[in-house]
Amino acid sequence: MSTTTPRRSVDAIDRRVGLMFGAVMVLLLLGVLRAGYLGTVRSSALRQAATDQQVQTLPVPALRGEITDRNGVAYAISEPAEAIYADPMLIDKTYRNLTSVATALAPLVGRTTASTLALLRHPRLGYVELAADVSVATADRIMSLQVGGSVGINGIWDVPTERRVYPRGSELAQVIGWVGGNKGLDGLEYEFNKQLAGRAGVRKTVIDAQGRAIAVTTAKAVVPGQNIRLTISAPLEAEVQSVLDGVGAQYKPQGATAIVTDPQTDQILALANWPSLNLDHIPATALSSVHGRLPAAEDQAVDFSYEPGSTFKAVTVSGALQDGLITPSTVIRIPPYLQAYGHIVTDAETHGWENLSIAQILKFSSNIGAVEIGKRLGPERFGHWVSEYGFGRPTGVALPGEQRGIVLQPSQYSGFSMYNLPFGQGISVTPMQMIQLYDTVADGGVLHTPQIIQSIGGHRVPEPKGRRIVSAKVARELRYMLRGVLADGGTASGAAIPGYDMAGKTGTAQVAVNGQYSATKFVASFVGMVPASKPQLVVLVVVDDPQGSIYGGSVAAPAFQKIVGWAVPHFGIDPCPPKACPASAMHPAMPPTP
């Protein structure tokens, strides 16, 4: 029997070996090519992917600065909180049922189960933020959740952060504004977000395969936000808000605002709005976008434009005094009414022909008298004084959303304009512009920008330079004439306080609706100062569409009286300096010789 392998069998084996060797070589070549591709073309992406799986880079929010009153009473502070993050890739590898994870997390992170599940299904993301600022207690509950039999969800971790708190509740709410995601969305929180927010840092965390942190480094240091100190006096602010709440409860208006200033420094000591707003319960709709708005969020001191009515007569009278066209004792013949261009101008009280001094025109708030003074000025000079006092442009106060008002240029006047503009109709102003006007009168005729920020980051904000509008003599004469408004027979005699040297002006203005003045809608206002000889407080109260009474003397002036009655003893102000009371107060038309 032959033991020699047939030649055909040997050839077949050789071919098989050759094919196997060729296949191995092809696979080896492919492997080399793949390795080369990954090592060159894809090397950067692969290194990044490897890093993302081991190193998590997270922002570390800066501690937001505080907002306080002039004495350090806190209006907005930040307290410790936790941000909750998730690693979708790690969670997806660990848990088969992502819905059960989302269901457990959702109520604690303030989301729906569906939205939480959507975030957890982002395997391409290194991390997702589930909640920005939960309380420390809630964060502890999240980190202790049991899903799949073990304590704690693999791929969930917390990072120390902060949450915004408003200790004074609704007080000064529209001025302070609110925050969403450490971004100011309204009020001062919005206007000074850059200073308050500081600069976030960056933290890198190296984790192992089980999601446990094994190393933490700071890639970028945190810069805390700066504190802002306001000119506001918290005790006065609380009192003004209380008084305004009373006005709202009694007259059910569309809105109301009150401003208190120190005319010697032009600092705003209090600014209140009605209705008020609870900053700790801002709806989510207002937190979803920058500068979110709410019906009650309007800071009416700068957002509300209205026709001022008789409070505007101070512009007409002071301009004519400065131009030498009248004196406090000038007597003007007042007819029962004025008729021009198809319109009739009357006073609030029916009367026949009468002679009134300039002081009496202010005391009794004669519209006809204001028109007669305006005629002496003429359109160009009247328009000049309106512009000089800053109407038609923002005051520049550091509050967002300040309106300009609506002011016609003399070239735009109609034939009837000089029959309604001199007593505050046909012009639109803001409460902040009106307080600036009376601050100017109170400060001897020098106009300054109202101030609400005292310091930022410990650095005092410089006081702006003033601009003289009228002489100190004219300002003094106007103040002394405005005393008559609170004297017997004046339009605000009920707001007088015995022993107080006060001056002021009422305003009752019709509201224009669809181009016509309404017979039922009015804006009632009062602005006054104490003591009239050298004012240390100026108070403005504006009430939009009060119900039951419409007059500034009956709606707004009593609120002024309550505010002044509280503020004078609180600040230690002499309400009636010896040389000013009582004799000069009894003769408001005759200011004492300087």
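Reply: Helices are DSSP runs of H or I with at least four residues, and strands are runs of E with at least two. The model is a predicted one.

Me: How many helices and strands does the protein chain have?

Reply: The numbering of these elements runs from the N terminus. Under that assignment, the secondary structure of the protein chain comes to 20 helices and 25 strands.

Me: Among contacts in the protein chain with a separation of 6 or more, what percentage is accounted for by residues 24 or more positions apart?

Reply: A contact requires heavy atoms within 4.5 Å. Of the contacts with a separation of 6 or more, those between residues 24 or more positions apart make up 72%.

Me: Is the crossing of helix 10 and helix 19 left-handed or right-handed, and how many charged residues does the contact have?

Reply: The crossing of these two helices is right-handed. From helix 10, the residues that take part include Pro 235, Val 240 and Val 247, and from helix 19 they include Trp 566 and Phe 571. By class, the contact of helix 10 with helix 19 has 10 nonpolar residues and 1 polar residue, while the number of charged residues is 2.

Me: Which residues does Val 243 contact, leaving aside its neighbours within four places in sequence?

Reply: Val 243 is located in helix 10. Its relative accessibility is 11%, so Val 243 counts as buried. With neighbours within four places set aside, its contacts are Ala 559, Lys 562 and Ile 563.

Me: How are helix 13 and helix 15 oriented to each other?

Reply: The axes of helix 13 (residues 313–322) and helix 15 (residues 367–388) are 8 Å apart, and the packing angle is about 70 degrees. The range from 65 to 115 degrees counts as roughly perpendicular. The two helices, helix 13 and helix 15, are therefore roughly perpendicular.

Me: Is helix 4 parallel or oblique to helix 5?

Reply: Helix 4 (residues 98–109) and helix 5 (residues 113–120) have axes that come within 8 Å and cross at roughly 120 degrees. Because of that angle, helix 4 is, relative to helix 5, oblique.

Me: How many charged residues are in the contact of helix 4 with helix 5?

Reply: Among the residues that meet are Leu 98, Val 101 and Leu 105 in helix 4, and Leu 117 and Leu 120 in helix 5. Divided by class, this contact of helix 4 with helix 5 has 8 nonpolar residues, 4 polar residues and, as for charged ones, none.

Me: How many residues of helix 17 are buried?

Reply: The buried residues of helix 17 include Arg 476, Glu 477 and Arg 479 as well as Val 474 and Leu 478. Helix 17 is largely enclosed by the rest of the structure, because of its 11 residues the number buried is 9.

Me: Which side chain is joined to that of Arg 483 by a polar contact of 2.6 Å?

Reply: Arg 483 belongs to the loop between helix 17 (472–482) and strand 23 (503–513). Its relative accessibility is 4%, so Arg 483 counts as buried. At 2.6 Å, the polar contact joins the side chain of Arg 483 to that of Asp 501.

Technical notes. Residues numbered from 1 in each chain as written. Predicted model: local features only at pLDDT ≥ 70, side-chain atom pairs only at ≥ 80, totals over all residues. Heavy atoms only, no water. Left-handed = near helix turned anticlockwise from the far one by under 90°. Nonpolar A, V, L, I, M, F, W, Y, C, P; charged D, E, K, R; others polar. Buried < 20%, exposed > 50% of the residue type's maximum accessible area, 1.4 Å probe, protein only. Polar contact = N/O pair within 3.5 Å; in protein donor to acceptor, adjacent residues only side chain to side chain. Axes fitted to C-alpha atoms, helices over the stretch in contact; angles between N-to-C directions. Parallel < 35°, antiparallel > 145°, perpendicular 65-115°, else oblique.
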